[in-house]
Amino acid sequence: MKLDPFYLIVDSANWVERLVPLGVKLVQLRIKDQPEPVLREEIRRAKAACAAADCRLIVNDYWKLAIDEGCDFIHLGQEDLAAADLAAIGRAGLKLGLSTHDIAELETALAARPDYVAFGPVWPTVVKEMRWTPQGVERVANWRRRVGPMPLVAIGGITAERAPLVLENGADTAAVVTDITRNPDPEARTRQWLAATAPWRSVTERPHLGSPQ
Ligand SMILES: Cc1ncc(COP(=O)(O)OP(=O)(O)O)c(N)n1
Ligand SMILES: Cc1nc(C(=O)O)sc1CCOP(=O)(O)O
Ligand SMILES: [Mg+2]
């Protein structure tokens with residue numbers, strides 16, 4: 001499975017409808033603290049907008065709703081994973097992305113046989129409080145060697161200017177929230193992201209790096 005090198009994360013269907021038509025091909029709907037009917041409606045709208053633009057939609061956290069609504073990709077953190085029914089997710093044919101921040105989490109994630117592994121925070125993030133200090137791009141390269149051919153997502157404090165650094169260090173895709181959603185011109189910033197990641201969009205094979213350090 002090849003992931004687009006630009007992985008947009010937003011907190012509403014409004015954002016999906018606004019930015020996906022610009023050419024975004026990989027988007028996560030990450031909504032917190034909303035009642036189920038609202039979540040369901042947001043997922044439906046995001047799904048329709050993504051279908052219209054040939055964009056892959058990944059639903060964060062709400063794996064049961066994702067199954068119900070016929071989505072095909074979810075993202076879970078380690079706590080989400082502990083509470084999830086992996087067999088049900090597998091039966092529904094959902095692809096699975098998992099968060100990792102340290103070696104123990106990586107081992108837990110790999111044992112669940114995900115479709116991608118995310119690693120962060122590479123740089124400081126303002127989106128949420130995290131137990132981990134910024135990990136740096138060298139550690140992205142280390143994760144690349146550890147996960148082998150599995151798709152690798154880098155996340156945390158990534159800007160359009162920094163995206164090439166994580167892609168050069170072995171990430172398959174760079175995930176972003178605030179560099180776009182808090183930019184004064186999110187549409188222009190999205191276009192800058194599309195341009196900054198374009199060299200990796202056309203690459204079909206990436207040479208393997210060395211063994212883990
Ligand atoms: C691509 C990607 N990577 C990491 C996360 C974080 O997931 P999680 O640890 O479950 O935290 P929340 O996002 O749910 O607060 C993510 N959502 N996406
Ligand atoms: C939701 C999330 N998870 C992270 C992790 O490291 O697991 S970092 C993060 C926030 C990413 O937002 P921004 O691009 O604005 O830093
Ligand atoms: Mg989560």
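Modeller: Let's start with how pairing is counted: two strands pair if DSSP finds at least two bridges between them. Helices (H or I, at least four residues) and strands (E, at least two) are DSSP runs, numbered from the N terminus. Here, β2 and β3 make 4 bridges and pair in the parallel sense. Keep in mind that this is a predicted model, where local features need pLDDT of at least 70, side-chain atom pairs count only at pLDDT 80 or more, and totals for chains, interfaces and linings use all residues. Residues are numbered from 1 along each chain as its sequence is written, while chains are lettered from A and ligands numbered from 1 in the order in which they are written.

Biologist: OK, predicted. What pLDDT does the protein chain average?

Modeller: pLDDT is the predictor's confidence in each residue, from 0 to 100. The protein chain averages 95, and 95% of the residues score at least 70. Over residues 205–213, though, the pLDDT is below 50. That stretch has 11 contacts in the model beyond near neighbours in sequence, a contact being two C-beta atoms, placed from the backbone, within 7 Å. Where pLDDT is low, the predicted coordinates should not be read in detail. As for the model scores, ipTM is 0.99 and pTM is 0.95.

Biologist: Back to strands. In what order do the 8 strands close into a barrel?

Modeller: The general idea is that strands of a sheet pair through backbone hydrogen bonds, either parallel or antiparallel. In this barrel the order is β1-β2-β3-β4-β5-β6-β7-β8, with parallel pairing. You can walk around parts of it. Strand β1 (residues 6–10) is joined to β2 (residues 26–29) by 3 bridges, and valine 10 has leucine 29 as its bridge partner in β2.

Biologist: Are the residues of β8 buried or exposed?

Modeller: Count the other C-beta atoms, placed from the backbone, within 10 Å of a residue's own: 20 or more is buried, 12 or fewer is exposed, and in between is partly exposed. In β8 (residues 173–176), Thr173 and Ala175 point one way, Ala174 and Val176 point the other way, and all are buried. Strand β3 (residues 56–60) is largely enclosed by the rest of the structure, because 4 of its 5 residues are buried.

Biologist: Which residues does a cis peptide bond join?

Modeller: Glycine 120 and proline 121, with omega about -10°. Proline 121 is in the loop between β6 and α7. Now click on glycine 157, in the loop between β7 and α8 (163–168). Leaving aside neighbours within four places in sequence, glycine 157 is in contact with Pro121, Val122, Trp123, Pro124, Thr125 and Pro134. Glycine 157 is partly exposed, with 19 other C-beta atoms within 10 Å.

Biologist: And which residues come nearest to ligand 2?

Modeller: A residue is near a molecule if its C-beta atom, placed from the backbone, lies within 6 Å of it. Around ligand 2 there are 14 residues, and Gly120, Thr125, Val127, Val177 and Thr178 come nearest. Ligand 1 also has 14 residues around it, with Gly77, Ser99, Ala118, Ile155 and Ala175 nearest.

Biologist: How do the residues around ligand 1 divide by class?

Modeller: Ala, Val, Leu, Ile, Met, Phe, Trp, Tyr, Cys and Pro count as nonpolar, Asp, Glu, Lys and Arg as charged, and the others, Gly among them, as polar. The shell of ligand 1 has 5 nonpolar, 5 polar and 4 charged residues; for ligand 2, it's 6 nonpolar, 6 polar and 2 charged.
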